[in-house]
Amino acid sequence: MPLVTRVTDLIGRTPLFELAVTDSGTRLLLKLEQFNPTGAAKIRMAREMVLDAERRGLLEVGGHIIESTSGNTGLGLAVVAAERGYRFTAVVDNHACKDKLRAMRAMGAELVFVADDGDDDLATSAREDLAAAMVAGQAGAYFTEQHNNDANAVGYYPVAEELLADVERVDILLSAVGTGGSLFGTATRLRELGCPARVIGVEPVGSIAFGGPGGPYWQSGTGTPPGATIGTAVDYSLLDEGVKVSDVDAFATARAVAAELGLMIGGSAGGSVFVGLERLEQFPPGSTVVTIVCDGGEKYLDTVFDDRWMGERELLDPAAEERVRAMVRRYAPATRRTDLADAR
Ligand SMILES: Cc1ncc(COP(=O)(O)O)c(C=O)c1O
């Protein structure tokens with residue numbers, strides 16, 4: 001690893017973790033994006049959106065970046081803005097994880113809330129309207145507009161390149177869809193590199209990108225809530241299948257993976273890992289299935305990993321957690337089993 005001088009030099013080259021293997025050799029690999037600065041994948045696209053705006057002359061020296069964010073995009077933009085000398089305002093709601101908001105502030109971001117304290121509804125569309133209105137009245141301000149910005153998906157092209165440096169091919173790419181940037185950007189680049197993977201998108205039950213009915217959900221940073229518009233980064237032409245996952249299953253999976261392996265993944269990653277594990281035997285024998293773990297579980301200690309928070313929302317399901325733990329044990333790769341046997 002060469003010496004680096006900027007935090008953004010630490011983006012990428014994230015590890016690939018073999019979570020599960022079937023007897024027929026189908027394996028589920030996790031691209032651990034929590035190893036990026038800010039602990040999330042989104043910093044990849046945050047940097048790309050800013051560099052793209054600079055190249056196109058949309059951001060001037062000392063300009064003002066404005067974005068509507070549920071947290072991870074804002075964290076990424078806060079880093080890039082600090083590094084490149086921009087002012088950054090994040091338009092947020094109280095559905096966002098508190099630690100993400102605190103960290104954005106720590107890195108110099110200004111926060112504007114669309115809802116009052118105590119109102120913790122997801123307010124994607126109100127956030128976007130406010131961000132657009134703020135930019136309209138202000139010279140030197142630029143709305144990165146992640147849902148409709150081509151640079152979002154382009155920011156994930158290196159994910160495909162890194163994957164193909166680590167494995168021969170990716171047969172199935174199975175991942176969470178919020179703006180769509182991470183899944184469709186990675187899928188686009190895989191195709192360009194001669195590896196057209198089957199693309200399976202995962203969204204929370206209640207999210208509307210793969211059809212209704214819409215409703216509330218607690219998985220953070222993913223999905224499209226009712227009333228929000230689906231942006232251009234969701235590329236349906238690349239989507240082979242859209243799957244919905246409940247908060248209960250997504251969170252049970254995040255908790256089970258933590259308890260079984262000591263690997264902390266976020267709630268949205270829990271959703272795609274759940275689908276991957278459940279479907280693993282149904283994929284063609286010998287398939288390489290990859291899930292992008294968009295962020296780590298450390299951001300959700302007050303929610304997904306807090307029994308009281310979970311219990312108050314009727315999300316706690318020990319039986320579901322045990323089912324996932326059993327799958328993780330059943331599909332344990334041989335090296336993990338041997339290590340355990342040796343240790344005992
Ligand atoms: C927590 C979380 N979930 C899901 C996603 C997927 O979002 P998108 O479709 O916007 O790339 C992200 C983005 O990296 C994320 O940070």
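A salt bridge here is a side-chain nitrogen of Lys or Arg within 4 Å of a carboxyl oxygen of Asp or Glu. By that criterion, E241 pairs with R279, and their closest N and O atoms are 2.7 Å apart. The pair links distant parts of the chain: E241 sits in strand β9 (residues 241-245) and R279 in helix α9 (residues 267-279), 38 residues apart.

This is a predicted model; local features need pLDDT of at least 70, side-chain atom pairs count only at pLDDT 80 or more, and totals for chains, interfaces and linings use all residues. Residues are numbered from 1 along each chain as its sequence is written, and side-chain values use heavy atoms, leaving out hydrogens and water.

**Overall build**

- The protein has twelve helices and ten strands. Both are DSSP runs numbered from the N terminus: helices are H or I with at least four residues, strands are E with at least two.
- The radius of gyration is 19 Å, close to the 20 Å that the globule rule gives for 344 residues, so the protein is as compact as a globular protein of that length. The radius is taken over C-alpha atoms, and the rule is 2.2 Å times the number of residues to the power 0.38.
- Along its principal axes, the C-alpha trace spans about 60 × 45 × 40 Å.
- Of the 344 residues, 55% count as buried. Buried means under 20% relative accessible area, exposed over 50%, and partly exposed in between (1.4 Å probe, protein chains only).
- Take the contacts between residues at least 6 apart in sequence: 70% of them join residues at least 24 apart. A contact means heavy atoms within 4.5 Å.

**Charges and salt bridges**

- The mean positions of the 33 positive and 49 negative charges are 3 Å apart. Lys and Arg count as positive, Asp and Glu as negative; His and the chain ends are not counted. Each charge is placed at NZ of Lys, CZ of Arg, CG of Asp or CD of Glu.
- The structure holds 24 salt bridges.
- One of them joins E162 to R44, with the closest N and O atoms 3.0 Å apart. E162 lies in helix α6 (residues 157-166) and R44 in helix α1 (residues 42-55), so this pair ties together parts 118 residues apart in sequence. Both E162 and R44 are buried.
- Another joins E312 to R308, with the closest N and O atoms 3.5 Å apart. Both lie in helix α10 (residues 307-312), four residues apart, about one turn of the helix. E312 counts as exposed at 53% relative accessibility. R308 is exposed at 64%.
- Salt bridges that share partners join K31, E33, R44 and E162 into one network.

**Surroundings of T188**

- T188 is in helix α7 (residues 181-192). It is partly exposed, with a relative accessible area of 21%.
- T188 touches Y157 and L238, not counting residues up to four places away in sequence.
- T188 and Y157 are 31 residues apart in sequence, and 7.6 Å apart C-alpha to C-alpha.

**Backbone spots to check**

- The peptide bond from G212 to P213 is cis, with omega near -5°. P213 lies in the loop between β8 (198-204) and β9.
- R13 is not a glycine, yet its phi is positive, near 50°. R13 lies in the segment before β1 (16-21) and is exposed, at 54% relative accessible area.
- E314, also not a glycine, has a positive phi of about 55°. E314 is in the loop between α10 and α11 (318-330) and is exposed, at 70%.
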